[in-house]
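Subject: Structure for you, with notes

Hi,

Here is the structure I promised to pass on.

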Amino acid sequence: MKISYNWLKTYLNINLPAKEVSEILTDCGLEVEAIELISPIKGGLKGIVVGEVKSKEKHPDADRLNITTVDVGTGTLLNIVCGATNVETGQKVLVATIGSLLYPTNGEPFEIKKSKIRGQISEGMICAEDEIGLGNSHEGILVLDKSAIIGIPAKTHFKLEDDQVFEIGLTPNRADAASHIGVARDLAAFFNYQALQNNTTPLELELPDVKTFSNDTTEKKIDVRVEDPAACPRYSGISITGVNVTDSPDWLKIRLKAIGLKPINNIVDISNFVLHELGQPLHAFDSDKITGEKVIVKKMPAKTKFKTLDGIERELNNEDLMICNVTDPMCIAGIFGGLESGITEKTRNLFLESACFDPVHIRKTAKRHGLKTDASFRFERGTDPTITVYALKRAAMLIKEIAGGQLSSDIIDIYPTKVESFKIALSYKNCDELIGKEIDRKLIRNILISLGIEIISEGPDALLLAVPPFKVDVKREVDVIEEIVRIYGYNNIELPTHLRSSLSYSAQPDPEKTQDLLSELLSNNGFHEILTNSLTKATYTGGIDEFDKSSTIELLNPLSSDLGILRRTLLFSGLEAISYNINRKNQDLKFYEFGKSYLKTAEGKCRENKHLSLFLTGKKEKENWNGQSRESNFYSLKGYTTLLLTRLGLNDLKYETNPNGLLTENISGFSGKKQVLTFGKIKKVLLKPFDIRQEVFYADFNWDIILELIKKQKTAVKEIPKSQTVRRDLALMLNRQVSYEQLEQIAFQTERKLLKEVNIFDVYQGDKLETGKKSYALSFILQDENETLTDIQIEKIMERLMKAYTEKAGAVIR
């Protein structure tokens, strides 16, 4: 729900920063999810100033252009080439200076640059109203009054006021706050509570005054009949004749645009304005289209056809409540109007409806038809039946003021069973126990009155309260206590000095939760977790330079020679598990294990390190009838390591080849000087003792280092990009010594902002190419997160990439 701060200020005399108000609202239970700066004119006329045309002469090389000099108050006259036929010396005009970004009424934004027009320098632009979003006219430049002050910003000249709009995550129980006055009521209660504490003047909530309302005549009478009072507890209406349906005044358009509504015409805009002001939905009918001059609130037979304002013909259910005339339905009650009875520019007479509908009926009907409107949003949560007439008077007075016409009937008000205030007894003792603090009784009474809750009677220990109908969710004592504490402030409830609870502490990030996170990720990608023994054979590591005997921890009394040492790596225990499975005809394997390795330091101390190991062997996926299964390879393993690191937020590792006695085709990833992982293909000599004849790929992550690194990681949330990605491909012929990593680095060095991904999708090395050459096919993913890329932008990026590859990698573009 959007709430305009400027709009709020018309009911409350406050001038606090919007950020501070948002914090107050959040503390009061109206969580502000965002604050958006809104300008009445897109772009806020930034860079546009008032200027005076000092001279004008014909362009020597263009009959329709004039060369002007314009004073914009800087002390230096600007030379501006202007094509408008109405430009004259002495005029006060609007000048877009160099660097200004203009948002025309129709068309794309464009920037003003210093340029040459037919050989003449132009240092700005004299603007027409449609070129800066002030209107639709393009008949000539906009000429200002002679009193306009040279050099002042156009925004100041037109007295445009920026607005700040609160995006409130309204919870279903806060129907009372689904309007500007509802939000203002909570703010007033908070400031009045503060005033009582600080002994200052309380803040008064200034509501629209309808005391001067009176009808002009009673000549236009529309009869109303409600056939289902359970579904429509109250129905109010009035006839207005002789209106002029046209555009709304600027102030009304500004109010609606600020909260994201598009102005339509003065009648519809007024009904929307009152809805967002009071929270009471209204509906206006063209009364000349009300057949029989009678409004009937009833349910229509099942499968009745009805065309709504969006032009869609809908099939009604026999439980849908409808607003009908004598012969036809005109509106789905509380949800959506009909096409035939809607307001158009030809409407002269109207019937204005203000009603209260049963939330259950509205919710079910809206769900059946897949409709979600501002009106249904409020009716589904429950509206205040006591303000239908007040809202009707407010809207009728605005219509008469803005659209003219006469109030041509008495207010019709069908209210058979008056909805009374809900009576609740509040015990101070229960209030203190539930809140955990004794709040001053005077403060409690002040908060309740400010929220519109009437105190019928009071005693030393309790209050008898009358909760108004607009508080639809306040039905119990505990609900009243919640109302008190949200205004008092949860932050003002001190923590007790004694906490009767058992406390536990775990380091952040929680190692167990992080391990579970990756375990789930790997399992979801087809891996099986293995658990192997930390005791292993000494012969496994014998003869391997990485595992000198002096750093191996030997058992003094091993049970057998197969369990004589603590393992130095998880590799061999994993190979044991792979051999066991292969011997049982299970050859396509993906394993992972979290476990520890052990070593003895030069000082003779024993040290243990936790690792995560991955094993891949056999086919990537199971055999199937419609495709050939491929073998796992180095790149399969690389993909899984990248997946894990990305999930942990470790995307900035530096990679290098790091030959060792265990792996071939191996790569190690470093963060600074710390080795985070190493991965590659296990050497055949190590597979031979396990009788493994197929390739096995292995990755080893240093889990302790990973936990240290992710402690420094900060979770960042950003908006989902508004525009789609674009893919372009390049085929390159290169020397075989050029690596893909070099090509990737060149790409990101060339285009840092819009290039998101580089991928290789084809490699060719063969006799069709020159000796020592290879062919790579690369794909490039481009994206501007704020706007769609143009073909010109994309082509320029690709040209730069091709040039960079030619110059830096010696590539030939194919």
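Leaving aside its neighbours within four places in sequence, which residues is Ser-287 in contact with? The partners are Lys-220, Asn-349, Leu-350 and Phe-351. Ser-287 sits in the loop that runs between β16 (282-286) and β17 (294-299). Its relative accessible area is 3%, so Ser-287 is buried.

A word on confidence. This is a predicted model. The average pLDDT of the chain is 90, and 99% of the residues score at least 70. Confidence is lowest in strand β34 (residues 654-657), where the mean is 86. It is highest in strand β29 (residues 528-529), at 96.

**α5 and α6**

Start with helix α5 (residues 250-258) and helix α6 (residues 266-278). Their axes come within 10 Å and cross at roughly 50°. α5 and α6 are therefore oblique to each other. The crossing of this pair is left-handed. On the α5 side, the contact is made by Trp-251, Leu-252, Arg-255 and Leu-256. On the α6 side, Asp-269, Ile-270, Asn-272 and Phe-273 make it. By class, that contact of α5 with α6 has five nonpolar, one polar and two charged residues.

**α6 and α9**

α6 also packs with helix α9 (residues 388-403). Here the angle is about 145°, and the axes are 10 Å apart. The crossing of α6 and α9 is right-handed. α6 brings Asn-266, Ile-267, Ile-270, Phe-273, Val-274, Glu-277 and Leu-278 to the contact. These meet Tyr-390, Ala-391, Arg-394, Ala-395, Leu-398, Ile-399, Ile-402 and Ala-403 in α9. The contact of α6 with α9 has 12 nonpolar, one polar and two charged residues. Note Ile-270 and Phe-273: they are among the α6 residues in the contact with α5, and among those that meet α9.

**α11 and α12**

Further along are helix α11 (residues 441-450) and helix α12 (residues 477-488). They pack at an angle of about 100°, with axes 10 Å apart. That makes α11 roughly perpendicular to α12. From α11, the contact takes in Leu-443, Ile-444, Ile-447 and Leu-448. From α12, it takes in Val-480, Glu-483, Ile-484, Ile-487 and Tyr-488.

Lys-9 lies in the loop between α1 (5-8) and α2 (18-27). Is Lys-9 buried, partly exposed or exposed? Lys-9 is partly exposed, with a relative accessible area of 29%. Not counting residues up to four places away in sequence, Lys-9 touches Ile-14 and Asn-15. Lys-9 and Glu-206 are 197 residues apart along the chain, and 9.6 Å separates their C-alpha atoms.

Ala-716 is in the loop between α17 (703-711) and β38 (726-735). Its relative accessible area is 70%, so Ala-716 is exposed. Between Ala-716 and Ala-189, the separation is 527 residues in sequence and 36 Å in space, C-alpha to C-alpha.

Best wishes

Notes
Residues numbered from 1 in each chain as written. Predicted model: local features only at pLDDT ≥ 70, side-chain atom pairs only at ≥ 80, totals over all residues. Heavy atoms only, no water. Axes fitted to C-alpha atoms, helices over the stretch in contact; angles between N-to-C directions. Helix = DSSP H or I, 4+ residues; strand = E, 2+ residues; numbered from the N terminus. Parallel < 35°, antiparallel > 145°, perpendicular 65-115°, else oblique. Left-handed = near helix turned anticlockwise from the far one by under 90°. Contact = heavy atoms within 4.5 Å. Nonpolar A, V, L, I, M, F, W, Y, C, P; charged D, E, K, R; others polar. Buried < 20%, exposed > 50% of the residue type's maximum accessible area, 1.4 Å probe, protein only. pLDDT = per-residue confidence, 0-100.
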